[in-house]
Amino acid sequence: MRRGIWNRICQEFGLWSLAAPPGIIVLFVVMLIRITGGMQSWEWMLLDTMLRLRPVEKLDERVVIVGIDEKDIAWIKQYPIPDEKIAELLTKLETYKPLAIGLDIFKNVPVEPGGEQLAHILRSNSNIIGIEKILPPAETSPPQSLRPEGVGFVDLPNDEDSKNRRYLLYTPNPKNINEDKYSLALRLVTKYLNAKGIELQTGKNDPNTINFRGIELPRITHNFGGYVRVDDGGLSILMNFRNSEQPFNVVSLRDILNGQVDAELLRDRIVLVGNRNLSTGDAIYTSALPGLKLSGQIYGIDYHAHVISQILSTVMDGRPMLHSWGDIGEYTWILIWGFLPITIGRLTQSVWKNILSVSVAGFCLFSCGYIMLWVWGVWIPVTPGLLVLAVNGVGLSAFAFYQHDKFLRSQIHERQNTIQNTFTVIHNGPLQTLAYGLKHLRAKDISYEQLLGQFEKLDREIREIGEFLKLEALTTEESLRLGSGLILELNRPLHDLLYEVYSSTLERKDFENFKTLKVKIRNFDPIDDKYLSMEDKRGVCLFLEEALCNVGKHAQGVKRVEASGVCSLNNYKLSVKDNGSGITSKLENKGTKHSKILAQQLRGEFRRESLSPCGTICELSWKLKREFEF
């Protein structure tokens, strides 16, 4: 029992050691590609797809956008919008008592008229946040009338595919590393939450991030999700867009100035003022939102609104921010999904079952990544798993198909050879005994005892053939049983085997024509065994036996027989000649058909024809393969 289990374990281990290495190599190649960053773009695209497929979310009323559109520009009849109109807009907004106002318009240079009027409003209202650009290129200073705490930067890092998925919350001042700079969104969120009694604090588990009310914002680290060696120089978060065609309330500048806005829409809200027109070129590329009017773009002010809504929803509503596992967790996950198709290939052992199982596994992996992202906000490595599943799944399926087809072909070929060889053995043995007995039975020139002896011989030969076939099926040794009962070991040189076939066949007593032979000539040139397989040697030996048996059966009056194997140049010619009565029938018997099949197998030629003035030649010739072929 224990030995059987141990043998089974050893057999299974041996099977895995042969079948698993290709799949493992693919797995580690995929992991290496990911480690070097070669898979980032694929993971970004899949992240965008899963974000886009999330259920629709309700509108966030805490953020209101005052967008200056083309109709506003046409209404004012001036662009850029003069400072007096911006000042009038901000004054009007203050009457609605919002908690914070973000002015997402660069005001480092006055746009007259109204420059001094706007500067006065910015100085006298502490809940207004202006903007600056601190990172190259094209750094832009903030309005001089604002205090440092009333300014937020709007630099947006983008990925290699020119799409924006990150937001930089704060970073050291490039001109003074001892000073921190805060983004527009973080300034507005801090003002809003401070008004609600929630203070900004340093992270506890991660001191390099921030937290509100004990909720830490997960920052993008050096290797984060699908990102490799990313460094924004400060605290960056991954964008978790609010999935809706209208995520925020949007009003126009003219609506505010004309008093056409409900006061409750703006009271205690964060109000963002900025451009929502194509004239400014302030558009952000993204594929994470469905049904975008700008075809893959959103306005910059909308991007800031999504960040503000994201942080507020996390702190106040429990909506998860996007985060990822560490490197150990991610690559353990990839290893699990990498070994899965190898295991599937071992368990299914079927092409179509393997493909179906791998397809189901791929669907489960995508579903798992989608649910983890949607419900818990975890960005897990789905793309590497899908790639390994596809390559290993399809590769193993193709390999299984090839092996299955190869196995079937080998079985068919082996079965055909077994049938052919069995028929030849029976044809050259028991059938000859039966034919001899029937011939004398019809002629009535044989006694009952002799006839009984022939049938006893027939019975013995059939039983011996059966035992031989059983033994051959159970052993790996290559052997051949002749009609005479002699068993040849095919691992011997071919010329020795041909001598054995010749001698054993001519000694048979059941061929009456052999009794008239006076001259027997034999000569078989040796050849290197590397030119012939065991199956080829079996066929050649059976051909010689069949040719000699035909002499004994059909060559009436034969006095001379010559069997020769001549090797010349690159050819070998095996022939049997006799001086008997010659061919009397044009019908093609089984022996002739088998000889033609053998000639085709050897890529040679077969001929059987009468000789002049009498006799028959049966000849098989083939080219010896060269040791090296170019």
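Q: What makes the crossing of helix 15 and helix 16 right-handed?
A: A crossing is right-handed if the near helix is turned clockwise from the far one by less than a right angle, and left-handed if it is turned anticlockwise. The crossing of helix 15 and helix 16 is right-handed, so the near helix is turned clockwise here. This is a predicted model, in which local features need pLDDT of at least 70 and side-chain atom pairs pLDDT 80 or more, while totals for chains, interfaces and linings use all residues. Residues are numbered from 1 along each chain as its sequence is written, and side-chain values use heavy atoms, without hydrogens or water.

Q: Why are helix 15 and helix 16 called roughly parallel?
A: Their axes cross at roughly 30 degrees and come within 10 Å. Axes are lines fitted to C-alpha atoms, for helices over the stretch in contact, and angles run from 0 to 180 degrees between N-to-C directions. Angles under 35 degrees count as roughly parallel, over 145 as roughly antiparallel, 65 to 115 as roughly perpendicular, and the rest as oblique. Helix 15 and helix 16 are therefore roughly parallel.

Q: How do you know which residues of helix 15 and helix 16 make the contact?
A: Contact means heavy atoms within 4.5 Å. Among the residues in contact are L494 and Y502 of helix 15 and K537 and E545 of helix 16. By class, this contact has eleven nonpolar, one polar and two charged residues. Ala, Val, Leu, Ile, Met, Phe, Trp, Tyr, Cys and Pro count as nonpolar, Asp, Glu, Lys and Arg as charged, and the others, Gly among them, as polar.

Q: Why is helix 6 called oblique to helix 9?
A: The axes of helix 6 and helix 9 come within 9 Å and cross at roughly 40 degrees. That angle makes helix 6 oblique to helix 9. Their contact has twelve nonpolar, one polar and no charged residues.

Q: Why do strand 6 and strand 10 stand at the edges?
A: The open sheet has three strands in the order 6-5-10. Strand 6 and strand 10 each have a single partner strand, so one side of each lacks a neighbour in the sheet.

Definitions and conventions
Pairing = 2+ DSSP bridges. Helix = DSSP H or I, 4+ residues; strand = E, 2+ residues; numbered from the N terminus.
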